[in-house]
Amino acid sequence: MSSINGKTTAVKIPAKDAQKKIIDLKQSGAYDNNYIVKADKDYVYVPVTKNFAATQGAGPLKQGWKIYNLCLQRTVKNKSLKESISENLDKSELELAKTSYDIVGDIAILEIDNILQSKKDEFAKALLKHKNINTVLRKSGGHEGQFRTQKMEFLAGDDKRTTTHKENGLRLMVDVENAYFSVRLSNERLRIYNELENDENVLVMFSGVGPYSNLMARKAKSVVAVEINPRGYELAEENKKLNKNTNLTNYCGDAKIIVPNIIKIHESFDRVLMPLPKGAEDFLDTALSALKPGGWLHFYDFLHEEHFIEAENKISSACANLGRTAKIIRTVKCGQNAPHIYRICVDAII
Ligand SMILES: C[S@@+](CC[C@H](N)C(=O)[O-])C[C@H]1O[C@@H](n2cnc3c(N)ncnc32)[C@H](O)[C@@H]1O
């Protein structure tokens, strides 16, 4: 391959001669088909082999080529992580290798089995070769504490935690260690967005860096979002600007305190989202008090597949305490947390 420091060796040919010369280069084996020809108005840049560049062509091809080093797009796809590391692992290790990773912006977040800890640098190097990945981190714990944040170990590339991630047509600034964000929930967010009507006022409790709130703001009349983690709130404000959502208001604080104050100054909501699967039941009273009669509630929970009914019961009993009734519309699986344990969302009309 003819790449030096990310640049490729190419010859510059006037556009009018390009077709014939490319055929000549291909026939002589000088053409490097790992890269794609680049063209501007007057010239084309054709990737050539190192050998050709070194000898400047020979025989019938010796004709004063203009050699350049420039960045050309690759034709070959990224190898899978497993393919990339296979040379460094023996067969039994390869069978055990858990090659799961998420890509958040230009950061790759790796999960590796304890048994393969000693190989983490090889995994990281393999990931760093992938196009558009500049940082490799490893999850070094589960989601913890009130902020549901996750510790990361730096493995390779730029030592950073903040990046801009694209999802559902939004650009979201995220801090993968200091504020909750999961790329795995993008389809669930889109599902709720598709349920939404244009004239709705929406409350997003536990809003994090704003992936739900900014998406809902694309369609809703107004969106109010509440997040307790100051770093999450700070990024949510950035993301509001980045996505030009002037109909979105972010608050920083405990939803239990903020929401009762909001409903003193804001009409009640057509839809309330509760994306806090661990512990949202403690906030049901607060959510219900903000919801209009006939409004939609989206309540998240982690439950064993045989116990999904418990989430529906939590909603029904909170409603009963407030003299309201819940019509459960559906319970949707939106992720798996552990064997048989799912993240679910109960959609209900209250
Ligand atoms: C599972 S995360 C979901 C974040 C975001 N909705 C998302 O999907 O990326 C739950 C969020 O709730 C926030 N949180 C926890 N307790 C809270 C409370 N009492 N009031 C407001 N936010 C809270 C956490 O800081 C965290 O960002």
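Colleague: Why does histidine 340 count as partly exposed?
Modeller: The relative accessibility of histidine 340 is 43%. Buried means under 20% relative accessible area, exposed means over 50%, and partly exposed lies in between, with a 1.4 Å probe and protein chains only. Histidine 340 therefore falls into the partly exposed class. This is a predicted model, in which local features need pLDDT of at least 70, side-chain atom pairs count only at pLDDT 80 or more, and totals for chains, interfaces and linings use all residues. Residues are numbered from 1 along each chain as its sequence is written, and side-chain values use heavy atoms, with hydrogens and water left out.

Colleague: Why is lysine 139 called buried?
Modeller: Lysine 139 has 17% relative accessibility, so it counts as buried. It belongs to strand β8 (residues 135-139). Beyond residues up to four places away in sequence, it touches Asp102, Ile109, Leu110, Glu111, Gln150, Lys151, Met152 and Arg184, where contact means heavy atoms within 4.5 Å.

Colleague: What makes the pair of lysine 139 and glutamate 111 a polar contact?
Modeller: Their side chains are joined at 3.3 Å. A polar contact is a pair of N or O atoms within 3.5 Å; within protein, one must be able to donate a hydrogen and the other to accept it, and residues adjacent in sequence count only if both atoms are side-chain atoms. The value of 3.3 Å therefore lies within the limit.

Colleague: Why does glutamate 177 belong to the buried class?
Modeller: Glutamate 177 has a relative accessible area of 18%, and so it is buried. The residue lies in the loop between β11 (170-175) and α6. Its side chain reaches the backbone nitrogen of methionine 152 at 2.8 Å.

Colleague: How do you know that isoleucine 13 is buried?
Modeller: Its relative accessible area is 2%. Isoleucine 13 is part of strand β2 (residues 7-14). Among the residues it touches, apart from those up to four places away in sequence, are Leu25, Asp42, Val44 and Trp65. Isoleucine 13 and aspartate 42 are 29 residues apart in sequence, and 8.7 Å separates their C-alpha atoms.

Colleague: What makes a set of residues a nonpolar core, and which members touch the most others in the largest one?
Modeller: A nonpolar core consists of buried Ala, Val, Leu, Ile, Met, Phe, Trp, Tyr and Cys residues joined through side-chain atoms within 4.5 Å. The largest core has 33 residues, and Leu203, Met205, Val272, Met274 and Leu297 touch the most other members. Elements that each supply at least two residues of this core include β12 (201-205), α9 (255-265) and β16 (291-304). A second, separate core of 31 residues includes Val174, Val176, Ala179 and Leu248. In soluble globular proteins, nonpolar side chains tend to be buried together.

Colleague: Which residues come nearest to the ligand?
Modeller: Arg189, Phe206, Glu227, Asp254 and Ala255 come nearest among the 18 residues around the ligand, each residue counting as near if one of its heavy atoms lies within 4 Å. A polar side-chain atom of glutamate 227 is 2.6 Å from a ligand oxygen. A polar backbone atom of alanine 255 is 2.9 Å from a ligand nitrogen. The protein buries 97% of the 590 Å² that the ligand exposes when taken alone, the areas coming from the Shrake-Rupley method with a 1.4 Å probe and, for residues, only the protein chains shown counting as cover.

Colleague: How many residues of the protein chain count as buried?
Modeller: The share is 46% of the 350 residues. The chain has 11 helices and 18 strands.

Note on methods: Helix = DSSP H or I, 4+ residues; strand = E, 2+ residues; numbered from the N terminus.
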